[in-house]
Amino acid sequence: KMPLKVLSALDSAKVQYYHFRAIIVAGMGLFTDAYDLFCIPPILKLIGRIYYEREYHEVANDGSASVTYKKYEIPPQVLAALLGTPLLGTAIGQLVFGRMGDRMGRRSVYGLSLMLMVLSSVGCGFSICRTDACVLSSLGFFRFFLGLGIGGDYPLSATIMSEFANKMTRGGFVAAVFSMQGFGILASSIVTMVVAKIFEAGSNNLRVNHTPEHADIAWRLILMFGAIPAALTFYWRMLMPETARYTALVENNVMQAAKDMEKVLDVSMSQIAEDHPLPEYAPSYPLFSKQFFRRHGIDLFSCATNWLLLDIVFYSSNLFQSQIYKQYLHLDQTNVYREAFKVALFQTIVAIAATIPGYWVTVLLIDRIGRRKIQMMGFFCMALVYFALGGSYSYWRDPKNQDNKGFLVLYGLTFFFANFGPNTTTFIVPAELFPARFRSTCHGISGAMGKLGAFFGTLGFLWASKNHEDDGNLPTIGKMRGALYGLGVVCLLGMVVTYFFTRETKGRSLEENENEEDDYELRVFRCCTNPARRSNTNSSSRGLASG
């Protein structure tokens, strides 16, 4: 059947101002997500100093002398709760808002998710009380709702951008939305460094083992600053029309879709309006029906599994920074604000040298190389780096080798190949494979599986770093080496799943990618015998079937 004119116009539309505005508006949710994730490490340093200062006394073996020292460690169970609560909220948000996006429309719930993020970010800064239990309980409460808003933004932003973009640059546009995370990381680190320097300059007689009371204000300000960019884009988000694909294919209102696109794209109504009224399209099967799984089960399995495996690795890498702080930054030799500054400075270096370049290499190459190849390459290179980190971990742990920064270079490469690889492609592909009436829901399911992986990655890392040796509270070499090898194996598993089950979506319209008329048995046969040919599944399957 012939495609609708308005959808054909979208697929062939030249790049114009509206596309770039949509990238900024849609990307602010991802900006806030990254800001929240990467401002937490220095904030945890501040919270540990404020609420978990403990004095210890050591007596010499002969009983002649006593040494008093302080520790500022947040208990593992509290740390797990602070890190796990927003992950739970994000997973729920992806499922709930993803489904709402398909039932109520992308635009109608888009502003709700952003406003939830803004209000929750401000709420985190106003966490009540001054006791550790009360403050951290209220912080966890607001971070849950922050995760809920962030989770809702994932499927909506990806779906909206994919439905507005043309088919030749769609991957680059959706990747550009996701790359706003890089600027969120950079912003969180810069804000933390500025706030830390201002508070340090305003402090009198600041000592290494003294935490001033106004440090309790500093971490709150850092959290609240993250709400500002998202709040500034709320107005523009409300002006965005509903996507033409949702209006035409789900609401069956082709004329309204044409009117909406005439307002934002450089096309005339005569080019996109249908010549004759079209009959309403009645969906032939519901979500999670036998026919749904027959047509889309492989794609949903691929998207969800790859995202789960990626987040196990990605969130473990973020947590692994705590070990680098202890070994390379010498945080026990500085005051509270300089400690937060050093952590934020390290994150800034990683973002500029590895994270942001990884995002933008993907933006430039994804519509040339394709999603599938980039995802396999990223998983494979990450596996190599993790095996190298694990194999040389005892060498880098030796105090004699700590001036050698090779370990930090390898660590930065994990972020480069995550972003020039599966961290970006797992966000893009679910927004391209499924029919319009299921697109946001299936993206949300895939993302929620990713957050399940993040939860397992967090628990696994906390287990690996639980038992300590005497050398500066670093984890045992054996456990950490095993954890790094395990992350490498997870990456190889992601590469295998991508090779056998992930279809290429480059250069094809969303309607071609939907796979609505494919022969399932033929797809399974070809996926198991020659996965590289899956890029042309829709067109060739009909020819083979008829032949």
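**View 1. Phenylalanine 427 and its contacts in the predicted model.** Apart from its neighbours within four places in sequence, phenylalanine 427 is in contact with Leu30, Tyr154, Ala158, Val174, Phe178, Trp307 and His443, contact meaning heavy atoms within 4.5 Å. This is a predicted model, in which local features need pLDDT of at least 70 and side-chain atom pairs count only at pLDDT 80 or more, whereas totals for chains, interfaces and linings use all residues. Residues are numbered from 1 along each chain as its sequence is written, and side-chain values use heavy atoms, with hydrogens and water left out.

**View 2. The nonpolar cores.** Phe427, together with Trp219 and Met261, touches the most other members of the largest nonpolar core, which has 130 residues; such a core is a set of buried Ala, Val, Leu, Ile, Met, Phe, Trp, Tyr and Cys residues joined through side-chain atoms within 4.5 Å. Here buried means under 20% relative accessible area, exposed over 50%, and partly exposed in between, with a 1.4 Å probe and protein chains only. H2 supplies the largest share of this core, 18 residues. A second, separate core of eleven residues includes Cys303, Leu433, Phe438 and Ile445.

View 3. A cavity is a set of points, on a 1 Å grid over the protein atoms alone, where a 1.4 Å probe fits but cannot get out, and its lining residues have an atom within 4 Å of a point; grid points are joined across faces, edges and corners, and the volume is the space filled by probe spheres set on the points. Of the 16 residues that line the largest cavity, Tyr154, Phe178, Gln181, Phe314 and Asn423 lie nearest its centre. Helix H2 (17-51), helix H6 (170-201), helix H13 (290-329) and helix H18 (422-428) are the elements that give two or more residues to this lining, helices being DSSP runs of H or I with at least four residues and strands runs of E with at least two, numbered from the N terminus. The lining of the largest cavity divides into ten nonpolar, three polar and three charged residues, where Ala, Val, Leu, Ile, Met, Phe, Trp, Tyr, Cys and Pro count as nonpolar, Asp, Glu, Lys and Arg as charged, and the others, Gly among them, as polar.

**View 4. Asparagine 423 in helix H18.** Asparagine 423 has its place in helix H18 and is buried, with a relative accessible area of 6%. Leaving aside neighbours within four places in sequence, asparagine 423 is in contact with Phe178, Gln181, Leu310, Phe314, Tyr359 and Ala418.

**View 5. Helix H17.** Ten of the 14 residues of H17 are buried, among them Phe407, Leu410, Phe415, Phe416 and Ala418.

**View 6. Two residues with positive phi.** Asparagine 252, although not a glycine, has a positive phi of about 60 degrees; it is found in the loop between helix H10 (244-250) and helix H11 (254-264) and is partly exposed, with a relative accessible area of 25%. Phenylalanine 288, also not a glycine, has a positive phi of about 65 degrees; it lies in the loop between helix H12 (269-272) and H13 and is partly exposed, with a relative accessible area of 44%.

Technical notes
On a 1 Å grid over the protein atoms alone, a cavity is a set of points where a 1.4 Å probe fits but cannot get out, and a pocket is an open set with protein on both sides within 12 Å along at least five of seven lines; lining residues have an atom within 4 Å of a point.
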